[in-house]
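This report goes through one protein model by topic, starting with strand pairing and ending with charged side chains. Please keep the structure open while reading.

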Amino acid sequence: QVHLVESGGGLVQAGGSLRLSCLVSGTIGSINAMGWYRQAPGKQRELVATITSGTITNYADSVKGRFTISRDNAKNTVYLQMNSLKPEDTAVYYCNAKITKGGLTYVYWGQGTQVTVSS
């Protein structure tokens, strides 16, 4: 079993910052890419940022320059530093990890953490 647990969400005023964390635990093989996605009410889940095992990053245009994704492989943890938050960043944020075990790659999701940005 593999578990992804997010933390760090909450309520913040526009212009503020939050740092999300996602810990991967359980029977882990090799963690490949990790990422953050978000889903606002009435909208589809969308990519926020991803990071490869080689630390190559990719961001949605809407968060470039404001959000930073990073990972600590020793701790099996991925982070999302969110600065200059806007009300439109309000959503449930989900952590995602692609893990290779026994020659097969599996995709795992966390349960989500709520981020609310007030204007």
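How many bridges join E4 to E5, and do they run parallel or antiparallel? The model is predicted, and in it E4 and E5 run antiparallel and are joined by five bridges.

Strand E4 spans residues 30–39 and strand E5 spans residues 46–51. Together E4 and E5 make a hairpin, with six residues between the two strands. In that turn, Gly42 has a positive phi of about 80 degrees. One of the pairings can be named: Met34 has Ile51 in E5 as its bridge partner.

E5 also pairs with strand E6, residues 57–59, in the antiparallel sense and over three bridges. Ile51 takes part here as well, standing opposite Thr57 in E6. E5 and E6 form a hairpin with five residues between them.

## Two residues around the hairpins

Thr55 is located in the loop between E5 and E6, where the residue has a positive phi of about 65 degrees. Is Thr55 buried or partly exposed? Its relative accessible area is 49%, so Thr55 counts as partly exposed; the cut-off for exposed is over 50%. Eleven residues separate Thr55 from Gln44 along the chain, and their C-alpha atoms are 27 Å apart.

Gln39 belongs to strand E4 and is partly exposed, at a relative accessible area of 28%. The Gln39 side chain reaches the backbone oxygen of Lys43 at 3.1 Å. Beyond its neighbours within four places in sequence, Gln39 contacts Gln44, Arg45, Ala91, Val92 and Tyr94. Its C-alpha atom is separated by 27 Å from that of Gly54, which is 15 residues away along the chain.

In soluble globular proteins, nonpolar side chains tend to be buried together. Here the largest nonpolar core holds 31 residues, and Trp36, Leu80, Met82 and Tyr93 have the most contacts inside it. Strands giving two or more residues to this core include E1 (2–7), E3 (18–26), E7 (67–72), E8 (77–82) and E11 (113–118). Strand E9 (91–101) is on that list too, and E9 gives the most, with five residues.

What does Tyr93 touch, apart from residues up to four places away in sequence? Its contacts include Trp36, Leu80 and Met82, the other three residues named for their contacts inside the core. Tyr93 also touches Glu6, Leu20, Tyr37, Arg38, Val48, Phe67, Gly112, Thr113 and Val115.

## Thr77 in strand E8

Thr77 lies in strand E8 and has 8% relative accessibility, so this residue counts as buried. The side chain of Thr77 comes within 2.8 Å of the backbone oxygen of Lys75. With neighbours within four places in sequence set aside, Thr77 is in contact with Ser21, Cys22, Leu23, Ser70, Arg71 and Asp72.

## The disulfide

A disulfide is a covalent bond between the sulfur atoms of two cysteines. The structure holds one disulfide, which joins Cys22 to Cys95 with an S to S distance of 2.1 Å. Because Cys22 lies in strand E3 and Cys95 in strand E9, the pair ties together parts that are 73 residues apart in sequence. The link is left-handed, with -85 degrees about the S-S bond. Cys22 is buried at a relative accessible area of 0%, and Cys95 is buried at 0%.

## Salt bridges

The count of salt bridges comes to four. Arg38 pairs with Glu46, their closest N and O atoms being 2.7 Å apart. Arg38 counts as buried, at 5% relative accessibility, whereas Glu46 is partly exposed at 36%. Arg38 also forms a salt bridge with Asp89, at 3.0 Å between the closest N and O atoms. Since Arg38 lies in strand E4 and Asp89 in the loop between E8 and E9, this pair ties together parts that are 51 residues apart in sequence. Both Arg38 and Asp89 are buried. Shared partners join Arg38, Glu46, Arg66 and Asp89 into one network of salt bridges.

Asp61 and Lys64 form another salt bridge, with a distance of 3.1 Å from N to O. Both of these residues, Asp61 and Lys64, are exposed.

Note on methods. Residues are numbered from 1 along each chain as its sequence is written. This is a predicted model: local features need pLDDT of at least 70, side-chain atom pairs count only at pLDDT 80 or more; totals for chains, interfaces and linings use all residues. Side-chain values use heavy atoms; hydrogens and water are left out. A nonpolar core is a set of buried Ala, Val, Leu, Ile, Met, Phe, Trp, Tyr and Cys residues joined through side-chain atoms within 4.5 Å. Buried means under 20% relative accessible area, exposed over 50%, partly exposed in between (1.4 Å probe, protein chains only). Helices (H or I, at least four residues) and strands (E, at least two) are DSSP runs, numbered from the N terminus. Contact means heavy atoms within 4.5 Å. A polar contact is a pair of N or O atoms within 3.5 Å; within protein, one must be able to donate a hydrogen and the other to accept it, and residues adjacent in sequence count only if both atoms are side-chain atoms. Two strands pair if DSSP finds at least two bridges between them. A disulfide is a pair of cysteine sulfur atoms within 2.5 Å. A salt bridge is a side-chain nitrogen of Lys or Arg within 4 Å of a carboxyl oxygen of Asp or Glu.
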